[in-house]
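Please look over the sequence and the model below before reading on. The paragraphs that follow lead through the structure one part at a time.

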Amino acid sequence: MNAYEAQRKLFMLQAAVKGYPEIKTKVKLATNLEPWGPTKEQLDEITDACNHYEDKKIIMKALWKRITTSQTKEWPQIYKSLAVFEHLLLHGPESVVDDIKEQMYSLRTLHDFQYIDEKGQDKGHSVREKSKKLLEWVSNPSILAEEKAKSESLRKKFVGISSEQSSTRIFTGAKGHNDDESSSSVRQQQQALERFERERRDRPGTGTPEKADWQASGGVRSLTPPTA
């Protein structure tokens with residue numbers, strides 16, 4: 001078990017002791033201060049949970065709490081919460097749009113978000129740009145529809161490539177040279193998809209902050225278990 005997995009399990013245990021619903025704990029993990037994420041697996045899991053009314057209420061409350069109560073030096077939590085909202089708008093139930101519209105004021109306040117680190121770097125830029133994009137999406141149904149269509153087209157393209165590679169593996173039978181090539185191709189396509197999704201999510205702006213930029217405390221990843 002690596003350090004991150006051990007940290008995650010400890011966090012889940014702490015949350016269970018405090019009586020947190022499991023989905024709330026998953027949202028907190030997806031929007032923590034670690035220099036990565038939220039992962040596609042986390043985003044998909046949260047999105048699936050939004051199809052259940054009670055879980056969706058918990059998810060929305062947890063995300064807005066991150067956005068409205070995090071200190072400016074905890075900007076990664078805010079940015080990652082916005083990234084979750086973006087994924088929900090593209091892949092979640094239609095009701096998410098109305099849920100976000102109810103908190104449009106909170107999005108507007110982020111348009112002026114500021115945080116300059118000790119090196120003089122503007123860490124608030126990504127938050128400002130992401131909040132502006134989300135506000136534009138929920139305010140203009142045609143723009144949101146266009147973005148959803150682009151995302152769905154990309155997903156179908158990737159699924160088609162994966163299916164084609166799977167068929168090749170079935171045809172060739174036992175694992176061998178061709179199977180290794182197919183697996184490598186699938187991994188490359190998946191990596192390309194993830195890069196494209198990151199670039200699309202972060203327009204306009206400079207993109208997702210690099211790992212070293214996630215931590216407002218200087219970019220050093222702490223292995224100290226987070227408090228639930």
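**A walk through the model**

Trp64 is buried, and Phe85 is buried as well. Here buried means under 20% relative accessible area, exposed means over 50%, and partly exposed means in between, with a 1.4 Å probe and protein chains only. The model is a predicted one, in which local features need pLDDT of at least 70 and side-chain atom pairs count only at pLDDT 80 or more, while totals for chains, interfaces and linings use all residues. Residues are numbered from 1 along each chain as its sequence is written, and side-chain values use heavy atoms, with hydrogens and water left out.

How many aromatic pairs does a search of the whole structure find? It finds one. The ring centres of Trp64 and Phe85 are 4.7 Å apart and the ring planes are at 40°, so the pair is tilted. For this count, rings of Phe, Tyr and Trp (its six-membered ring) pair if their centres lie within 6.5 Å; planes under 30 degrees apart count as stacked, over 60 as edge-to-face and the rest as tilted. Because Trp64 lies in helix H4 and Phe85 in helix H5, the pair ties together parts that are 21 residues apart in sequence. Helices (H or I, at least four residues) and strands (E, at least two) are DSSP runs, numbered from the N terminus.

Next comes the nonpolar core. A nonpolar core is a set of buried Ala, Val, Leu, Ile, Met, Phe, Trp, Tyr and Cys residues joined through side-chain atoms within 4.5 Å. The largest one has 36 residues, and those with the most contacts inside it are Ile59, Leu82, Phe85, Leu88, Leu89 and Ile100. Two or more residues each come from helices H2 (22–30), H3 (40–49), H4 (53–69), H5 (75–91), H6 (95–101), H7 (104–109) and H8 (125–139). H5 gives the most, with nine residues. In soluble globular proteins, nonpolar side chains tend to be buried together. Not counting residues up to four places away in sequence, Ile100 touches Trp64, Phe85, Leu89, Leu107 and Val138; touching, or contact, means heavy atoms within 4.5 Å.

Val138 is one of the buried residues of H8. Eleven of the 15 residues of this helix are buried, so H8 is largely enclosed by the rest of the structure. At 1.5 Å a residue, H8 should span 21 Å, and its end C-alpha atoms are 21 Å apart, which agrees. The expected span is 1.5 Å times one less than the number of residues in the helix.

Side chains of opposite charge can pair when their charged atoms come close. The structure holds 14 salt bridges, each being a side-chain nitrogen of Lys or Arg within 4 Å of a carboxyl oxygen of Asp or Glu. One of them joins Lys130 and Glu86, at 2.8 Å from N to O. Lys130 lies in helix H8 and Glu86 in helix H5, so this pair ties together parts that are 44 residues apart in sequence. Both Lys130 and Glu86 are buried.

Another salt bridge links Asp122 with Arg128, whose closest N and O atoms are 2.6 Å apart. Asp122 is partly exposed, with a relative accessible area of 35%, whereas Arg128 is buried, at 11%. Salt bridges that share partners also join Glu22, Lys26 and Glu45 into one network.

Two loops deserve a look. The loop between H2 and H3 holds Asn32 and Pro38. Asn32 counts as buried, at 11% relative accessibility. A cis peptide bond, with omega about 0°, joins Gly37 and Pro38; most peptide bonds are trans. Pro93 sits in the loop between H5 and H6. Pro93 and Asn51 are 42 residues apart in sequence, but their C-alpha atoms are 6.4 Å apart in space.

Last comes confidence. The mean pLDDT of the chain is 77, and 64% of its residues reach 70 or more; pLDDT is the predictor's confidence in each residue, from 0 to 100. Confidence is highest in H5, at 97, and lowest in helix H11 (residues 211–214), at a mean of 42. Over residues 166–186 the pLDDT is below 50, and over residues 204–228 it is also below 50. Where pLDDT is low, the predicted coordinates should not be read in detail.
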